[in-house]
Amino acid sequence: MLFAAFSAAASASEYSIQAILIANSPGDAVAGLVMGAPKDEKVDTVYALWLIRGGGRNILFDSGFHRERWFKLWTVKNYLRPEEAVRLAGVNPEQVTDVVISHAHWDHMGGIDLFPKAIVWIQKDEFLYYTGPAWQPTGDHGGIDPDDVQQLVRLNTEGRLRLVNGDNIELFPGIRAYTGARHTFASQYLRIDGHPPFVLASDSVYLYRNLAEHKPSATFTTADYPANLKAQERMVRLAGSPDRVIPGHDALQFQKFPTEGRVAKIK
Ligand SMILES: [Zn+2]
């Protein structure tokens, strides 16, 4: 009886969730984020990562970036390196146990070399595509850093990579990965079980506005827009409310939730 009570408590362990600001990106074109938005409208967005703590783990969802070539191609203001940003939430880089990568773009996968003890998790199809066909003449590697890909392969040979095989897979107790939004070849997003549950969308939903207006984020091809919208509806169902789906680049998450400096306490 005592044992049963103990195991029930253990399986119901609540995770905390924090959003951590890596940089600001003022004056982005909304039309690049919310498909069909007016051409000249601008919005201030953010680069972020998310820290999920509980059950003896410090899990990062996405890893930020640091490679210099991207600073010249994109607007990056108020930048802080990901391993320093994580310290602001009270976690040393060595204490990060796992890094779940939503997708292979430079601003999400670019920090996988900064957390020396972490196991890195990525969709198997994302790994296979961006380590192979993406770099062939008919491939698409827009937004992918070749050095990040080298690092991904290195992590695999070191036994520190886990390939997630498809949709609705439990990675940790109460944390599941989902696919289908197709921002890249095989993006994934997370549902964190709890009271209440949350969905971390990353770029499967750029802004709250995508959810409110039922407009797709950018996808791997324009043919994937319907799949993105379906995935957004599913995310709202999985979270139980659109207020608990956290978009990838929306600055509002640092206003909607209690925020100190660069760290917002989502839960
Ligand atoms: Zn992206």
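Helices (H or I, at least four residues) and strands (E, at least two) were taken as DSSP runs and numbered from the N terminus. On this basis, the secondary structure of the protein comprises nine helices and 13 strands. The model is a predicted one, in which local features require pLDDT of at least 70 and side-chain atom pairs count only at pLDDT 80 or more, whereas totals for chains, interfaces and linings use all residues. Residue numbering starts from 1 along each chain as its sequence is written.

The radius of gyration, taken over C-alpha atoms, is 18 Å. This value agrees with that of a compact globule of 267 residues, near 18 Å, under the rule of 2.2 Å times the number of residues to the power 0.38. The C-alpha trace spans about 60 × 40 × 35 Å along its principal axes. Of the 267 residues, 43% are buried (20 or more other C-beta atoms within 10 Å of the residue's own, with C-beta atoms placed from the backbone).

Two strands were considered paired if DSSP finds at least two bridges between them. Eight strands form an open sheet of mixed pairing, in the order β6-β5-β4-β3-β2-β1-β13-β12. Because β6 (161-164) and β12 (259-260) each have a single partner strand, one side of each edge strand lacks a neighbour in the sheet. Within this sheet, β4 (residues 98-100) runs parallel to β5 (residues 119-123) and is joined to β5 by three bridges; Asp98 has Ile119 as its bridge partner in β5.

Antiparallel pairing links β7 (residues 169-172) to β8 (residues 175-178) over three bridges, with Glu170 partnered by Arg176. Two residues separate the strands of this hairpin, in which Gly174 adopts a positive phi near 85°. Strand β8 is also joined to β9 (residues 189-192) by four bridges in the antiparallel sense, and Tyr178 has Tyr189 as its bridge partner in β9.

Key: Buried ≥ 20, exposed ≤ 12 C-beta atoms within 10 Å, placed from the backbone.
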